[in-house]
Amino acid sequence: MTAGEEIRALAVRIARASRITVVTGAGVSAASGIPTFRGAQGLWRRFRPEQLATPEAFEKDPKLVWEWYAWRRELVARARPNRAHEVLAAWSRRVPRFTLVTQNVDGLHERAGTRNVVRFHGSLWEIACARRCPRSPRRWPDETVPLREVPPRCPHCGGPARPGVVWFGEPIDPDVLAAAQSALDCDLFLTVGTSAVVYPAAGLLAGAARGGAFTAEINLEETEASPAVDVAIAGRAEDVLDEIERLVGPVGGRR
Ligand code: NAD
Ligand code: ZN
């Protein structure tokens, strides 16, 4: 099949599905100007994300880690959701059972008005007490840009706060994992803009396929998920989703 035929075939599946689960990664936010981790612009100063997004890095140098998060918060605060976020938000309002599991921490799906977002790796816009002192809530919202103090402090114990995200080597919040797993019972499972190498998010595809879902991928490049899905579409998320929406959306399609 040509790319155009593959897109049309996927659009038909999407128009017919009543239970859709989408997993997104950094590629979905690339068109909003947010660098991916593994792309050429993924470096900040001379560090790789894997050297900063870990509990060990935070323990060693909380200020350095927070400077990176402060930079990312400023970048995202200036960014806007792109066409990929908008199309997924439209589906979330139209499809009877729709779940969006995102590995992104930028909040752009929420800003686009997406319903039923499972934030698999937490949020840049929440912080937590690094010592987990007993009086502090598990996480609390903090959207101040720029931060008044780096690192910000826990208001309960005065110790350093940490970003409310899941770092490499940390477990996924059990409630979040359960929400993602219950969404694997779907007709159509779509993975978009993720290199599909970070577990356990990368394992969701196998779970959905085992449950009988039709599986599809949209990515600029071939990934480890590409050979495993029913259809892999090579292209930019914002372009391919826009094309699908023109075929299935309120104007062109059945819904
Ligand atoms: P990744 O950087 O490993 O992979 C990005 C993927 O997106 C690549 O496969 C690339 O080919 C693809 N891609 C790039 N531009 C695209 C486009 N326009 N359309 C479609 N695909 C495109 O990111 P990941 O897989 O999300 O995993 C890394 C971790 O990094 C995640 O846990 C996530 O929390 C974190 N992260 C988050 C953000 C964010 O919140 N925006 C940004 C970077 C990394
Ligand atoms: Zn505290």
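Visitor: If a salt bridge is a side-chain nitrogen of Lys or Arg within 4 Å of a carboxyl oxygen of Asp or Glu, how many salt bridges are there?

Guide: The count by that rule is 15. This is a predicted model, where local features need pLDDT of at least 70, side-chain atom pairs count only at pLDDT 80 or more, and totals for chains, interfaces and linings use all residues. Residues are numbered from 1 along each chain as its sequence is written, chains are lettered from A and ligands numbered from 1 in the order in which they are written, and side-chain values use heavy atoms, without hydrogens and water.

Visitor: Ok. What does Arg83 form a salt bridge with?

Guide: Glu86 is one partner, with the closest N and O atoms 3.3 Å apart. Asp242 also meets Arg83 in a salt bridge, at 2.7 Å from N to O.

Visitor: Where does Asp242 lie, and where Arg83?

Guide: Asp242 lies in helix α10 (residues 237–248) and Arg83 in helix α6, so this pair ties together parts that are 159 residues apart in sequence. Helices here are DSSP runs of H or I with at least four residues, strands are runs of E with at least two, and both are numbered from the N terminus.

Visitor: And how far apart in the helix are Arg83 and Glu86?

Guide: They are three residues apart in α6 (residues 83–94), which means about one helical turn between them. An α-helix has 3.6 residues a turn, so residues three or four places apart point the same way.

Visitor: Which residues are linked in the network?

Guide: Salt bridges link Arg83, Glu86, Asp242 and Arg246.

Visitor: Which residues of α6 are buried, then?

Guide: Among them are Ala84, His85, Val87, Leu88 and Trp91.

Visitor: What about α10, what do its buried residues pack against?

Guide: They pack against α1 (3–16), α2 (27–30), α6, β7, β8 and β9 (231–234), where contact means heavy atoms within 4.5 Å. Asp242 is one of the buried residues of α10, and Leu241 and Ile244 are also included. From first C-alpha to last, α10 reaches 16 Å over 12 residues.

Visitor: You mentioned β7. How many of its residues are buried?

Guide: Five of five, in a strand that covers residues 188–192. Leu188, Leu190 and Val192 point one way, Phe189 and Thr191 the other way.

Visitor: Which strands does β7 join up with?

Guide: Strand β1 (residues 19–24) runs parallel to β7 and is joined to it by five bridges, with Thr24 and Val192 as bridge partners. Strand β8 (residues 214–219) also pairs with β7 in the parallel sense over five bridges, and there Leu188 is partnered by Phe214. Pairing requires that DSSP finds at least two bridges between the strands.

Visitor: What do β7, α9 and β8 make?

Guide: A right-handed β-α-β unit, in which α9 takes residues 204–210. Right-handed means that, with the strands pointing away from the viewer, the path from the first strand over the helix to the second runs clockwise.

Visitor: New topic. What order does the open sheet of three strands have?

Guide: The order is β5-β4-β6, with antiparallel pairing. Its edge strands, β5 (140–141) and β6 (161–165), each pair on one side only. Two bridges join β4 (residues 122–129) to β5, and Ile127 has Trp140 as its bridge partner.

Visitor: Back to salt bridges. What does Arg162 meet?

Guide: Glu170, at 2.8 Å from N to O. Arg162 is buried at 14% relative accessible area, whereas Glu170 is partly exposed at 24%.

Visitor: Last one: where is Ser18?

Guide: Ser18 sits in the loop between α1 and β1 and is partly exposed at 33%.

How values were computed. Buried means under 20% relative accessible area, exposed over 50%, partly exposed in between (1.4 Å probe, protein chains only). The expected span of a helix is 1.5 Å times one less than its number of residues.
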